[in-house]
Amino acid sequence: MRNFGTEGDRQVASHRTSLLKRGVASLTRPSVALRRVRLLPRWVRRLDSRAAQRINGHRHLPELDGALARLSHRADRSRLWFQIGTLLYLMGGAPRRGAVRGIGSLIVGSALANLVGKRVFGGDRPLLKDVPVPRRLRKTPTSGSFPSGHSASAAAFVTGVALESGRSGAVLAPLGAAVAYSRLHTGAHWLSDVIGGGALGAAVAVLGRMLVPAHPRPEPTHRGAMVELAALPDGAGALIFANPASGIDPLRPEPASFLAKELPSAEVHLLADGDDIAHLVRDAVASDDPPHVIGVWGGDGTVANTADAARRAHLPLVIFPGGTFNHFARTAGAATLDDAVQALKTGAGRRVDVAELAIDGGRPMTVMNVASVGVYPGFVAEREEMEGALGKPVATLIAAIRVLAWARTLSVRVDGRTARVWSVAVAAGQNSSASMVPLQRRRLDDGVLDVRVLHARGRMPRLRGLVALTFGVRASALLDRVPGRAELATIEAFTAQEVRIEARTSSGEPVHIAHDGEVSALDGGTAVATVRIVPGGLEVYGLADEDG
């Protein structure tokens, strides 16, 4: 009697057992084995056979065989695509929309392939005896062969992402193709199975786009009344602060060379560690040749600090969108570097609302987009600690996992009302964003704050709160409809001119307060944040609305 003692012998025994079981299944259900013969033309079956022979007869490469087997296993139950979808969602913008459409397409495509296609068509899979042992999967699939569920899921997800974010789709396309090919390489499917699954998945995504078209990203209907500001054709009279570390786009030009070319007479100060923009502006204003305009090249945090200094100096602000998100700059009419230059040269601008944040009675700070207390500032702090070493996408994913797993609630009083919450966000101006933390202003002159409170109440408060924080208002509303929900919604939204937030942690941990990407950790377990709207508090350069 042979002793199957080694790992290789045990694999051979396992595959022989699986092959025997599949043979018995085919004998007991001969209709399944004959489906390929009945439903597929002879030339397709001949092509399948030739493709299998070519692949199985190819020279054995242990590293490639192992990598493809692991990739195929990683894509089981679409785990790979759900993980990538989570990362894309956390990136926001077009990748986030791509993640939503990709996951939706995947769910439909996978259901059609596995629950409908395999039952209608099915058929036997390739014989394992023809597949080299090192290439075989640890667990042999026993479901019908046509179509390939892995290929359908990969094509549906990648196509769905590409329909919303072409760049993300292009990056994912090779991975999707590798997953589909892994099903051939490991002997799990015929070539026609993979092609059929891929076509099904792609068709589902395209049809979904036709039935549920992408929502057009609405531009602000009214950014604010245009005002005539100082026109600086060559930049003379402008003091521009540039943060060369802002942004991750390799296609964006280097700030010093771009500004020297477009605005040769402007004074450009490249920010370094330790620079205080407020002190630099005060010194410039007190000099013999004070600036007439303050400019900034950087992300939301740099823009907010410069805007605060410009407001105190009673000078207009020009924003060059050189950061990662540039939320306020887009809304203000400076969506691109060229837009900002054109607005400065022609003197086009507007008077816009800003908010002021005061912490524990301290000096108010200018808020251009949003201030928040609770979970979201903690997430920002976690992400920034890892961002330099890991890059923003990976740091975002890891930070989200940590915060969502270990988040603690806050006891707050919001304008005198006591509540237990995960987070409170206050935006300058109403937002149409469906997320818990609104980041994209749609109006610049409505004179209100957009307040959103993420409550921790009802059954499963952690699950409800974290779903709402991660996926926003719509997902929260769906979860609120399940039996046993709280009487009030998980996300409460209202508008105000001023809001006072008294926050306290349960175990004396620091209270995190963020504004425009800048995070403050307040020790002692308590903090009081007051946010108020300042109508027309800042003059900013920006082009006029396209509709005039």
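## A serine in a loop

Serine 78 lies in the loop between α4 (62-74) and α5 (79-91); helices (H or I, at least four residues) and strands (E, at least two) are DSSP runs, numbered from the N terminus. The phi of serine 78 is near 60°, a positive value in a residue other than glycine. Is this serine buried or exposed? Serine 78 counts as buried, at 7% relative accessibility. Here buried means under 20% relative accessible area, exposed means over 50%, and partly exposed is in between (1.4 Å probe, protein chains only).

## About the model

This is a predicted model, in which local features need pLDDT of at least 70, side-chain atom pairs count only at pLDDT 80 or more, and totals for chains, interfaces and linings use all residues. Residues are numbered from 1 along each chain as its sequence is written, and side-chain values use heavy atoms, with hydrogens and water left out.

## The protein as a whole

The protein has 18 helices and 16 strands. Of its 548 residues, 49% are buried. A contact is a pair with heavy atoms within 4.5 Å. Among contacts between residues at least 6 apart in sequence, 74% join residues at least 24 apart.

## Helices α11 and α12

Let's turn to a pair of helices. Helix α11 (residues 277-285) packs with helix α12 (residues 300-312) at an angle of about 35°, and their axes are 9 Å apart. The axes are lines fitted to C-alpha atoms, for helices over the stretch in contact, with angles from 0 to 180 degrees between N-to-C directions. Which residues make the contact? On α11 they are Ile277, Ala278 and Val281, and on α12 they are Thr302, Asn305, Thr306 and Ala309. By class, four of the residues are nonpolar, three are polar and none is charged. In this scheme Ala, Val, Leu, Ile, Met, Phe, Trp, Tyr, Cys and Pro count as nonpolar, Asp, Glu, Lys and Arg as charged, and the others, Gly among them, as polar.

Histidine 314 has a positive phi of about 55° although it is not a glycine. With a relative accessible area of 72%, histidine 314 is exposed.

## Around proline 321

Strand β5 is the place of proline 321, which is buried with a relative accessible area of 4%. Not counting residues up to four places away in sequence, proline 321 touches Arg252, Asn326, Ala329, Ala334, Ala335, Thr336, Leu337 and Ala340. Proline 321 and serine 246 are 75 residues apart in sequence, with 9.6 Å from C-alpha to C-alpha.

## Rings and a charge

Phe258, Trp297 and Phe320 are linked into a cluster by ring pairs. Rings of Phe, Tyr and Trp (its six-membered ring) pair if their centres lie within 6.5 Å; planes under 30 degrees apart count as stacked, over 60 as edge-to-face and the rest as tilted. The count by this rule is three aromatic pairs.

Elsewhere, arginine 96 lies over the face of tyrosine 89, at 4.2 Å from the ring centre. The rule for a charge over a ring is that NZ of Lys or CZ of Arg is within 6 Å of the ring centre and within 35 degrees of the ring normal.

## Two buried helix residues

Arginine 464 is found in helix α17 (residues 461-471) and is buried, with a relative accessible area of 2%. Asparagine 56 lies in helix α3 (residues 42-56) and counts as buried at 18% relative accessibility. The C-alpha atoms of asparagine 56 and glycine 187 are separated by 8.2 Å, while the two residues are 131 residues apart along the chain.
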